[in-house]
Amino acid sequence: MPKRYALVRDADGIVENVILAEDNYVHHEDGVAAVPDDGQAAVGGKWDGADFSPPPPERPPVPEKIEMWRARAVLDQQGALARADQTAASAGPVISAFWKAATEIQRDSPTLNAFAAQIGLDAAALDDLFRAAAALTV
């Protein structure tokens, strides 16, 4: 009768796959171990050597655009609004006008991405800002 195994990366304990195999199954991929599983393992979860934990919840997608007031509110919550305002004021006419007059911002805007880098936000932090902004309720 087949037995359930979790294929776990040795380096970090992440479950790469869950399979059914014969009782004497031996996995032959370097860096991946076959760990017997009683139904608790899930792809993306973690094995700590004794127990499986579930995978982290999926993150919501990054919105394509958000309203500027939402972006400013999140920056304010993060303590970064004053820095953003100061940077915009001294960044030249295009970014200054963008920061003052935009009502909506597009995630793929080159101007936004340049401005974000100037205030210390990398792509992942900007994605998180967009997610947080979209989640705001008033």
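This report looks at the aromatic ring pairs and the strand pairing in a predicted model.

## Aromatic pairs

Let's begin with the rings. A pair of aromatic rings is described by the distance of the centres and the angle of the planes. Searching the whole structure turns up four aromatic pairs.

One of them is formed by Y5 and Y25: the ring centres are 5.6 Å apart and the planes meet at 50 degrees, so this pair is tilted. It joins distant parts of the chain, since Y5 sits in strand β1 (residues 3-9) while Y25 lies in the loop between β2 (15-21) and β3 (32-36), 20 residues apart. Y5 is buried, with a relative accessibility of 4%, whereas Y25 is partly exposed at 28%.

Three strands make up an open sheet, ordered β2-β1-β3, with antiparallel pairing. β2 and β3 are the edge strands, and each of them pairs on one side only. On average, neighbouring strands of this sheet are turned by 30 degrees against each other, direction ignored.

Looking at β1 and β2 in more detail, these antiparallel strands are joined by six bridges. If you want to trace the pairing by eye, R4 has L20 in β2 as its bridge partner.

Technical notes: Residues are numbered from 1 along each chain as its sequence is written. This is a predicted model: local features need pLDDT of at least 70, side-chain atom pairs count only at pLDDT 80 or more; totals for chains, interfaces and linings use all residues. Side-chain values use heavy atoms; hydrogens and water are left out. Rings of Phe, Tyr and Trp (its six-membered ring) pair if their centres lie within 6.5 Å; planes under 30 degrees apart count as stacked, over 60 as edge-to-face and the rest as tilted. Helices (H or I, at least four residues) and strands (E, at least two) are DSSP runs, numbered from the N terminus. Buried means under 20% relative accessible area, exposed over 50%, partly exposed in between (1.4 Å probe, protein chains only). Two strands pair if DSSP finds at least two bridges between them. Axes are lines fitted to C-alpha atoms, for helices over the stretch in contact, and angles run from 0 to 180 degrees between N-to-C directions.
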